[in-house]
Amino acid sequence: MACFLVPAAEAIVTTCATKIIKSKEKEESIRISLPDNSVKEVTKVKFSTKLGWLNKMLWGGSALLAFEHLWHGEVVPFFPFLTAVENGQTSSMLAEMSSAGVMMAVLVTAVWGGMVAVYSVMEKKAMRKPESVKEGV
């Protein structure tokens, strides 16, 4: 009925947080010494960029769910927009939001956390190994 509103609300919060964090972040780069005595400068991915990944996942999922609910007639283009409110099923709508909506938001956030963890491991691994060692030169 309205489960897509929970990830959409999280998306609004993370969008605001991304803008605030982005304005305060500075570019961080690391110098890596290679075996041939050359130095390579690598720029780390900012946290605001990683939070942007979560935003895209949440907004995309919310839009897809909103379209699905619109398709099935649970969302209408006139006030009060949700047929559950119009039919007096507000308590069942809130129950769905608190169960399915919260679980979807938590699952998307957990997947994003996994993505960030895997990326951080890959980034640290790339920072440790010089470029010539990675390519076997």
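At what angle do α1 and helix α2 (residues 47–71) pack, and how far apart are their axes? The legends below take up this packing and three further views of the predicted model.

**View A. Packing of helix α1 against helix α2.** The two helices pack at an angle of about 155°, and their axes are 9 Å apart. Angles over 145 degrees count as roughly antiparallel, so α1 is roughly antiparallel to α2. The crossing of α1 past α2 is left-handed. On the α1 side the contact is made by P7, A8, E10, A11, I12, T14, T15, A17, T18, I21 and K22. On the α2 side the residues are F47, S48, L51, G52, L54, N55, L58, W59 and S62. Sorted by class, this contact of α1 with α2 comprises 11 nonpolar, 7 polar and 2 charged residues.

**View B. Residue N55 within helix α2.** N55 belongs to helix α2. Its relative accessible area is 8%, so N55 is buried. Leaving aside residues up to four places away in sequence, N55 touches A11, T14, T15 and T18. With T18 there is a polar contact between the two side chains, at 2.9 Å. N55 and T18 are also both among the residues that make the contact between α1 and α2.

**View C. Crossing of helix α1 and helix α4.** Helix α1 covers residues 5–24 and helix α4 covers residues 90–128. Their axes come within 7 Å and cross at roughly 45°. The orientation of α1 and α4 is therefore oblique. From α1, the residues L5, V6, P7 and E10 take part in the contact. They meet M97, G101, V102, M104, A105 and T109 of α4. The residues of this contact divide into 7 nonpolar, 2 polar and 1 charged. P7 and E10 meet residues of α4, and P7 and E10 are also listed in the contact of α1 with α2.

**View D. Residue F4 in the segment before helix α1.** F4 is placed in the segment that precedes α1. Its relative accessibility is 10%, so F4 counts as buried. Not counting residues up to four places away in sequence, F4 touches S62, L65, A66, H69 and V75. Between F4 and A63 the C-alpha to C-alpha distance is 7.8 Å, while the two are 59 residues apart in sequence. S62, one of the residues that F4 touches, is also one of the α2 residues in the contact with α1.

Terms used: Residues are numbered from 1 along each chain as its sequence is written. This is a predicted model: local features need pLDDT of at least 70, side-chain atom pairs count only at pLDDT 80 or more; totals for chains, interfaces and linings use all residues. Side-chain values use heavy atoms; hydrogens and water are left out. Axes are lines fitted to C-alpha atoms, for helices over the stretch in contact, and angles run from 0 to 180 degrees between N-to-C directions. Helices (H or I, at least four residues) and strands (E, at least two) are DSSP runs, numbered from the N terminus. Angles under 35 degrees count as roughly parallel, over 145 as roughly antiparallel, 65 to 115 as roughly perpendicular and the rest as oblique. Contact means heavy atoms within 4.5 Å. Ala, Val, Leu, Ile, Met, Phe, Trp, Tyr, Cys and Pro count as nonpolar, Asp, Glu, Lys and Arg as charged, and the others, Gly among them, as polar. A crossing is left-handed if the near helix is turned anticlockwise from the far one by less than a right angle, and right-handed if clockwise. Buried means under 20% relative accessible area, exposed over 50%, partly exposed in between (1.4 Å probe, protein chains only). A polar contact is a pair of N or O atoms within 3.5 Å; within protein, one must be able to donate a hydrogen and the other to accept it, and residues adjacent in sequence count only if both atoms are side-chain atoms.
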